[in-house]
Amino acid sequence: MSVSSVLAGSYSTADWQKGYTSLRQELSYWLDPVSGSLPAGLVGTLFRNGPGQLEVRGQAYGHPFDGDGMIVAMTFREGRLHCANRFIRTPEYLAEQRAGQVLYRGVFGTQKPGGWWRNFLDLRFKNPANTNVIYHGGKLLALWEASSPYRLDPATLETLGRETFHGALLPDQPFTAHPRRDPETGDLWAFGVRTGLNSTLSLYRVDPQGSLVEKQEHRIPGFCFLHDYVWTPNYRIFFQNPVQFQSLPFVLGLKPAGMCLTSVPNAPTKILVFDRQGSLITLESSPGFIFHFVNGFENGEQIVVDALYYGDYPKLDPDVDYREIDFATVPPASLRRYTLDVSRRTVTEETLVSRSVEFPVIHPRRQGHAYRYAYMGATHASTGNAPLQAILKVDLENLGSEVLRSFAPRCFVSEPIFVPDPQSGDPEDRGWVIVTLFDASREASSVVILDAEDLGICCRFDLPHHLPYGLHGSFTAEVFV
Ligand code: CO
């Protein structure tokens, strides 16, 4: 990896690259804020997941999404922050640590070393368990969408093993990293997809006690890359984007799976709308690619879906180190609203925010229901693409009045987490936004608590070490330390 220090407007590439460094130690300690004070109502645990280790003994994984899952637990209590991190002990992680080398192919960009013949016809993937972590029904679950969850001890973060929900899931059955919780019933609605030339989509309901109590299976024609979806009380909605999987280079061992995806030219996105009984209606919208949905809700005969839309699948060239990405060549994501009319079979599309954004979150009580506010990571500049350095608050009833809290030029943000103030459920933006920053000036991470109304800084904790850029996480009001 060459270290370039090009100042591309709001940031330097060398600063950004430093956040992609492994954290090998497993730590546990208390911190006081360096400025401000922790809001009295903010009590609970933020669990985050992401690739904590990006290589095995100097042999780098080809893509950060292939990195080993590491859980960070941040406990907020009595004015202080307790921070602990631990790797998820999957059999693949333990085997690679013992062997001191890459033994498995990664879905996104990792090949076993030794050339194509070592990868030839090897279709086994490593489950890095690195994408999200949720606390549901007394279970802490690390999620990775192509296989079953791993269960962890919420107090010690010790790996307890695969979660099959008493055999309701097969040991290697896909379970999404983006389940959605019904705020009325507490049910967790999830899915899993096995894909190839055609796909099998499984829909799950996990009750508030943590039992998998409902399972439907649907055959879907064609290849499906479904990372996230939309849940409303009566519908489950998936966007089957027009990407195809060219299996031959993968099977022959020439390329990792994630690099065999290509956009299908001029093909529409298929919108799969399942009702509660599992009946499917398919609608069509413009081509493009969606990783993440903000929310969706029913409005009379219509279903409104808000998503972060890319004009094209943001693919990584197999010969390019991901730390050397030229952001100018990566399509930015914008916030787009789709209005689906199921009876007329029509879809209308409207761009709500054109700044490049990722990692959207909302008030958990508004999941699947009409809502007003969304928070997300954003670029510092209002146009073009760049690493995320800011948090954007969008008021959907007052577009154009977005609030931006930027940490440029030397800090980079991860997914924000919204925590409602337990003392006041309304208004919807009464609460806090927890932001994990990588601060290149200290080569270490910070945790910043923002007031969710105006994004003013309540307090800041400076960790004595860095956290590699993470993926997703979730908050529970429970405390385990
Ligand atoms: Co995601």
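How much space lies in the second largest pocket? In this predicted model, local features need pLDDT of at least 70 and side-chain atom pairs count only at pLDDT 80 or more, whereas totals for chains, interfaces and linings use all residues. Residues are numbered from 1 along each chain as its sequence is written, and side-chain values use heavy atoms, with hydrogens and water left out.

The second largest pocket holds about 1,200 Å³ of space, where a pocket is, on a 1 Å grid over the protein atoms alone, an open set of points where a 1.4 Å probe fits, with protein on both sides within 12 Å along at least five of seven lines. It is lined by 41 residues, of which Arg-181, Pro-364, Gln-367, Ser-474 and Phe-475 are the closest to its centre; lining residues have an atom within 4 Å of a point. Two or more residues of the lining come from each of β8 (132-136), β12, β22, β26 (357-361), β31 (417-420) and β35 (473-476), the strands being DSSP runs of E of at least two residues, numbered from the N terminus.

His-178 is found in the loop between β11 (159-162) and β12 (180-181). With a relative accessibility of 9%, His-178 counts as buried, a term that means under 20% relative accessible area with a 1.4 Å probe and protein chains only. Not counting residues up to four places away in sequence, His-178 touches Asn-132, Phe-191, His-227, Asp-228, Tyr-229, His-292 and His-472, contact meaning heavy atoms within 4.5 Å.

The structure holds 27 aromatic pairs, in which rings of Phe, Tyr and Trp (its six-membered ring) have centres within 6.5 Å, with planes under 30 degrees apart counted as stacked, over 60 as edge-to-face and the rest as tilted. The rings of Tyr-229 and Phe-238 are stacked, because their centres lie 5.2 Å apart and their planes are at 20°; Tyr-229 is buried at 0% relative accessibility, and Phe-238 is buried with a relative accessible area of 0%. Phe-289 and Tyr-313 form an edge-to-face pair, 4.9 Å centre to centre with 70° between the planes. This pair links distant parts of the chain, with Phe-289 in strand β22 (residues 289-299) and Tyr-313, 24 residues apart from it, in the loop between β23 (302-310) and β24 (333-341).

Key. Helices (H or I, at least four residues) and strands (E, at least two) are DSSP runs, numbered from the N terminus. Buried means under 20% relative accessible area, exposed over 50%, partly exposed in between (1.4 Å probe, protein chains only). Grid points are joined across faces, edges and corners, and a volume is the space filled by probe spheres set on the points.
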